[in-house]
Amino acid sequence: MIFSTLEHILTHISFSIVSIVITLHLITLLVNEIVGLYDSFEKGMIITFFCLTGLLVTRWIYWKHFPLSDLYESLIFLSWSFYIIHMILYLKKQKNNLSTITAPSAIFTQGFATSGLLTEMNQSAILVPALQSQWLMMHVSMMVLGYAALLCGSLLSIALLMITFQKDIIRIFYKRKQLLLNQSFSFSEIQYMTEKGNFLQSASPLSFRNYYRFQLIEQLDHWSYRVISLGFIFLTIGILSGAVWANEAWGSYWNWDPKETWAFITWTIFAIYLHIRTNKNLQNVNSAIVAFIGFLIIWICYFGVNLLGIGLHSYGSFTLTLT
């Protein structure tokens with residue numbers, strides 16, 4: 001009874017804090033000059049992280065098994081993993097650039113899990129015989145940590161793509177704007193506005209902006225590669241431990257179950273990413289495109305397969321879903 005009450009208290013506290021944190025995060029994105037709000041935002045992230053840690057430990061003690069037996073617990077653990085990655089980047093003083101990408105991943109995943117939409121799933125139950133194994137902690141924790149790292153690394157790569165092709169996007173909008181101007185103004189007015197825009201553009205410190213843009217791209221590429229490499233190691237360990245567990249539970253190391261198949265596809269995509277990174281001529285944009293594909297594949301593997309409720313890894317669809 002005490003643990004159940006404590007779990008509800010921690011859930012409500014974490015959801016309340018994360019609602020405030022979302023507001024602070026949006027404000028800090030719009031107004032970078034307010035340092036106090038950013039510090040409050042980071043303090044909220046730290047408090048929420050400890051609330052999630054307490055929530056996981058409470059469920060572990062109360063239900064007497066590692067809290068990774070269903071979708072609700074898996075989402076909580078995924079959010080907890082996002083928070084760890086965010087804390088690492090924060091301690092590395094990568095504040096303004098990278099935290100704006102990693103923080104929303106943690107916030108919205110945890111907000112969705114504790115919002116009450118999964119009320120029927122957050123009541124744990126006695127594990128089915130196949131899940132009553134010590135491999136549950138090893139396999140599922142490694143898989144979820146791998147998903148979290150790969151998702152964060154892929155988001156950094158997506159941000160790299162957006163910044164790299166920013167000029168092309170602006171050029172497309174500029175052409176559309178010119179087309180609208182041609183329909184609304186006379187030729188002399190358009191010529192005057194064009195010359196004025198060219199003068200303002202030449203007067204701006206382009207060299208400084210290009211240097212800052214180059215530094216940002218290098219930073220995103222540096223961290224995306226390292227986070228994805230870490231996630232790939234976790235994913236590999238998770239798949240191997242899952243194969244050993246499958247042999248104990250089902251008598252076969254590999255059954256080409258939908259979850260296993262998509263996990264293998266995910267592993268292959270990021271193996272291609274790491275292979276591309278060995279060629280300096282194909283780095284940055286090419287590897288980032290592969291990471292973007294991997295980002296979509298992970299969500300299919302982690303969440304999409306569970307929607308169908310088929311295969312050996314779906315115990316009652318969303319009720320008990322093994323990652």
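User: Which way does α3 pass α4, left-handed or right-handed?
Analyst: The crossing of α3 past α4 is left-handed. Keep in mind that this is a predicted model.

User: At what angle do the axes of α3 and α4 cross?
Analyst: Roughly 160°, and the two axes come within 8 Å. Helix α3 covers residues 71-91 and helix α4 covers residues 99-113. An angle over 145 degrees counts as roughly antiparallel, so α3 is roughly antiparallel to α4.

User: Which residues of α3 and α4 meet?
Analyst: On the α3 side, they include Tyr72, Leu75, Ile76, Phe82, Tyr83 and His86. On the α4 side, Thr102, Ala103, Ile107, Gln110 and Phe112 are among them. By class, this contact of α3 with α4 holds twelve nonpolar and seven polar residues, and no charged ones.

User: What about α4 and α5, how do they pack?
Analyst: Their axes are 10 Å apart, at an angle of about 135°. Helix α5 is residues 135-164. The angle makes α4 and α5 oblique to each other. Their crossing is right-handed.

User: Which residues are in that contact of α4 with α5?
Analyst: From α4, Ile101, Thr102 and Ser105. They meet Cys152, Leu155, Leu156 and Ala159 of α5. Five residues of this contact are nonpolar, two are polar and none is charged.

User: Switching topic. Where does UniProt put the transmembrane regions?
Analyst: The unreviewed UniProt entry places them at residues 12-32, 44-62, 74-91, 138-165, 223-246, 261-276 and 288-312.

User: How much helix is there in 44-62 and how far apart are its ends?
Analyst: Residues 44-62 are 100% helix and 0% strand, with the end C-alpha atoms 27 Å apart.

User: And 138-165, what are the numbers there?
Analyst: That span is 96% helix and 0% strand, and its end C-alpha atoms lie 41 Å apart.

User: Where do tryptophan 299 and tyrosine 302 sit along the helix?
Analyst: Both are in helix α10, residues 285-308. They are three residues apart, which means about one helical turn separates them.

Technical notes
Residues are numbered from 1 along each chain as its sequence is written. This is a predicted model: local features need pLDDT of at least 70, side-chain atom pairs count only at pLDDT 80 or more; totals for chains, interfaces and linings use all residues. Side-chain values use heavy atoms; hydrogens and water are left out. UniProt positions are given in the numbering used here, feature names are shortened, and annotations may be inferred rather than shown by experiment. Helices (H or I, at least four residues) and strands (E, at least two) are DSSP runs, numbered from the N terminus. Axes are lines fitted to C-alpha atoms, for helices over the stretch in contact, and angles run from 0 to 180 degrees between N-to-C directions. Angles under 35 degrees count as roughly parallel, over 145 as roughly antiparallel, 65 to 115 as roughly perpendicular and the rest as oblique. A crossing is left-handed if the near helix is turned anticlockwise from the far one by less than a right angle, and right-handed if clockwise. Contact means heavy atoms within 4.5 Å. Ala, Val, Leu, Ile, Met, Phe, Trp, Tyr, Cys and Pro count as nonpolar, Asp, Glu, Lys and Arg as charged, and the others, Gly among them, as polar.
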